[in-house]
Amino acid sequence: MSAYKLSYYTIFSEPLNSREDCILFCTRTSEAILISKRVRDVLENGFLTKLPLETFEYLEKKKAIVAEEEIELFSIIAENKDEIINDNNTLYEVIQPTAFCQLGCDYCGQTHTKDFIDDSLQKNLINRIREKATNQKYNQLIIGWFGGEPLVGLPQIRSLTKELKKLCSELNMSYRAKVVTNGLSLKENIFLELVQQLGVDKIEITLDGIGIYHDKRRNTKKGENTFDIIFSNILSICNRSNFHDLGCEISLRCNVDHRNWDGVSPLIQLLKKHELQKKLAYFYPIGVYSWGGNTAQDKSLSKEEFAEQEINWFIEMLEAGFTPGLLPGRVKEVCLAVSKNSEMYDAFGNIFNCTEVSYTSFYEDTSYVLGNLKFNPETYSTNRPLSDWNDVILEGKFPCHTCKMLPVCGGACPKSWHEDMRACPSAKFNIKDRLALSYIISEKEGRELLFMDTETTTEFIEEVI
């Protein structure tokens, strides 16, 4: 047997029961495996040749065990680059049909104006996408409608969708879209139009807690409350008798900082009261971060504080009947910035390869602006900021290159790191608690959790998730 070692990218949970079984989480493959104390001892002490062949081969397949000479960081970065270079199935583009938003959220870094992408820019945008789709054969086009508030630009969404669908038909591509919205304009008839006519199959809405929390931070620019309207819209949509048949996923996001973190639990209970846990694709809290040079992050919880609270929220969500994503999956293409082709277009025709830089003077006249649809494509910059992110990780400029969680976060937001903001996901700080919760879930579901033990003649392995 060649020389092997325990992968650096493995994490053991704390002992889970009286036998001291634990979960081995392999971040290179996002696999969670229940193992006995004896196997853990063998792995941690490097006695890999003592493992039964069946067990050894399984762990090697899951990349819990790797060849002694492998430099795993190189392998991970190579896999990431491979994914980016060879991702030829889907063209993903983000469009901001308007620069306007009805809300005046105090942590938003954008400057909103009543501007909309005009007909000439729409034509040039379609030509831009047509050129990409012609030069590179794609199977599908996915559009992300973003803001400002995209639904304020519904007429522009309609006209662009018509042309985009026509383009997809010509080039034999499928078409679908998703919308990130504040939910204020998401009336039932608008929802039906988005889903049945405009190809939308995913909608994400933001609620920052129940009304007393949400309305202090997500009110209109005139200071009017918005929670009741948004929540009423959600209930009208989700309570339709044919909601599931329509095939559109509705998810809720809760932006959290020191001022509203204690509003998350009441929101979970409100969602449970209305049985939305049975209808929402998912609900997730996320920490507020600085945007457009503002200081929103100063009000946010620390990464460690958020991670601690998140476990409590996970427990409440599980008790309420939600199925939160406890264990992170492998991330090879971390965001639009590292993509070779994907871009975002704002209502003024500006082109970006990052979704966090539009509608703010902080990034005007910077390299984040690749060009403008008003002008000849020959004037567009081919220098895509942050696209070298994997090389930056490899060079060790940020702590990602020594982090065991790198395979399942991809380094997170490269722009944040470059702006001296720690971008680590919460899972880095609560992964052992997440593993314990995943074990408890499996126990409650009555699944038989078999484990490996070197004393037995037949080895059994079962992944927890």
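This is a predicted model: local features need pLDDT of at least 70, side-chain atom pairs count only at pLDDT 80 or more; totals for chains, interfaces and linings use all residues.
**View 1. A salt bridge between arginine 240 and glutamate 188.** Here the N to O distance is 2.6 Å. Arginine 240 belongs to the loop between helix H8 (227-238) and strand S10 (249-256), while glutamate 188 is in helix H6 (residues 188-196), so the pair ties together parts 52 residues apart in sequence. Arginine 240 is partly exposed at 24% relative accessible area, and glutamate 188 is partly exposed at 30%.

**View 2. Glutamate 14 paired with lysine 432 in a salt bridge.** The closest N and O atoms are 3.5 Å apart. This pair links distant parts of the chain: glutamate 14 is in the loop between strand S2 (10-12) and S3, and lysine 432 is in helix H14 (residues 427-444), 418 residues away. Both partners are partly exposed, glutamate 14 at 47% relative accessibility and lysine 432 at 37%.

**View 3. The two sides of helix H2 (residues 53-61).** Look for Thr55, Phe56, Tyr58 and Leu59, which are buried. Down the axis of H2, these buried residues fall within an arc of 165 degrees, so they line one face of the helix. Their cover includes strand S3 (22-26) and helix H1 (37-44). Exposed Leu53 and Lys61 are on the face turned away from the buried side.

Definitions and conventions. Residues are numbered from 1 along each chain as its sequence is written. Side-chain values use heavy atoms; hydrogens and water are left out. Buried means under 20% relative accessible area, exposed over 50%, partly exposed in between (1.4 Å probe, protein chains only). Helices (H or I, at least four residues) and strands (E, at least two) are DSSP runs, numbered from the N terminus. The arc is that of the directions from the helix axis to the C-beta atoms. Contact means heavy atoms within 4.5 Å. A salt bridge is a side-chain nitrogen of Lys or Arg within 4 Å of a carboxyl oxygen of Asp or Glu.
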